[in-house]
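These are my notes on what I looked up in one structure.

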Amino acid sequence: MSARFSRIVILTGAGVSAESGVPTFRASDGLWENHRIEDVASPEGFARDPALVQHFYNLRRAALKTVQPNPAHLAIARLQREFDGEVTLITQNVDDLHERGGSPEVLHMHGELLSALCLQCGQRSSWDGGLGADSICRKCRHDGTLRPDIVWFGEMPYLQDECLEALHRADLFLAIGTSGRVYPAAGFVAIAKRAGAHAIEFNLEPSDVSRDFDEHISGPAGVEVPKWVDGLLKDSNRQDPRP
Ligand code: OAD
């Protein structure tokens, strides 16, 4: 099969981290850890109650230290390292489990928990402790201007040029553990398909954009993704025997 493909784009969502113990967004009626998503994931929510929002992400950031990458993260990293072609990994996740699973490059289109954004100077800086009104921006030295570096509803996702460029070149597109409810990521499959890519969805259940995919692999990502990656890499070694 792999002889057919040389440029893979992978889009991951919350489902890829679910087996690591990171809760997905839509598992509990629009509530995220007992908060309405719009209260903790919008600029308006932050303006209304910055302390609540900072506290919410401080807990999420601290919780990262209690979780580990699962076999799906490891298999994606292995594909990035071993596939004899291009593999672009785009994630909507704000955790660092792809990096800790060994992925050499990750496009975090929705930002990162381990980063802070300064509202004064726009600098993004790595941050692994708590954020609050007394946090000081390392670049402009203002205090009280740092917020979580997360793309909230109504804000522009990061790295869209890089994502689109990879999607336009892709001949294989994989979506793993994403509900297809949030754009622009939900539209990536259509873009890749228009560019001529074959598209495979890995999920426990059909997503909102399932009909756009050519193939569906149903089951937990931690089981199905390693199996699939193994098959692809074995196949590519068979087709391309090395001395
Ligand atoms: P969702 O919570 O909307 O969807 C998670 C998807 O993963 C669902 O389709 C589940 O069926 C699937 N799933 C759950 N466990 C799985 C498993 N073990 N194996 C395979 N699939 C599994 O998460 P996202 O699609 O990532 O945005 O949500 C997209 C964006 O909405 C997020 O990035 C976030 C949120 O609001 C921002 O924070 C800006």
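**Entry 1: the helix.** I note at the outset that the model is predicted. I looked up which residues of helix α5 are buried, and found A72, H73, A75, I76, A77, L79 and Q80. I recalled that an α-helix has 3.6 residues a turn, so residues three or four places apart point the same way.

I then checked the length of helix α5, which covers residues 71–82. At 1.5 Å a residue, its 12 residues should span 16 Å, and the end C-alpha atoms are 16 Å apart, so the two values agree. At the N-terminal end of α5 I found a cap, N70. A side-chain oxygen of N70 lies 2.7 Å from the backbone nitrogen of A72.

**Entry 2: the sheet.** I traced an open sheet of 6 strands with parallel pairing, in the order β5-β4-β1-β9-β10-β11. Its edge strands are β5 (107–108) and β11 (215–218), each of which pairs on one side only.

Within this sheet I followed β9 (residues 172–176) and β10 (residues 198–203), which run parallel and are joined by 5 bridges. I located I176 opposite F202 in β10.

**Entry 3: the cysteines.** How many disulfides does the structure hold? I recorded 0. C121 is in no disulfide, and the nearest cysteine sulfur, that of C137, is 3.7 Å away.

C121 counts as partly exposed because its relative accessibility is 31%. C163 is buried, with a relative accessible area of 0%.

How values were computed. Residues are numbered from 1 along each chain as its sequence is written. This is a predicted model: local features need pLDDT of at least 70, side-chain atom pairs count only at pLDDT 80 or more; totals for chains, interfaces and linings use all residues. Side-chain values use heavy atoms; hydrogens and water are left out. Two strands pair if DSSP finds at least two bridges between them. Helices (H or I, at least four residues) and strands (E, at least two) are DSSP runs, numbered from the N terminus. The expected span of a helix is 1.5 Å times one less than its number of residues. Buried means under 20% relative accessible area, exposed over 50%, partly exposed in between (1.4 Å probe, protein chains only). A polar contact is a pair of N or O atoms within 3.5 Å; within protein, one must be able to donate a hydrogen and the other to accept it, and residues adjacent in sequence count only if both atoms are side-chain atoms. A disulfide is a pair of cysteine sulfur atoms within 2.5 Å.
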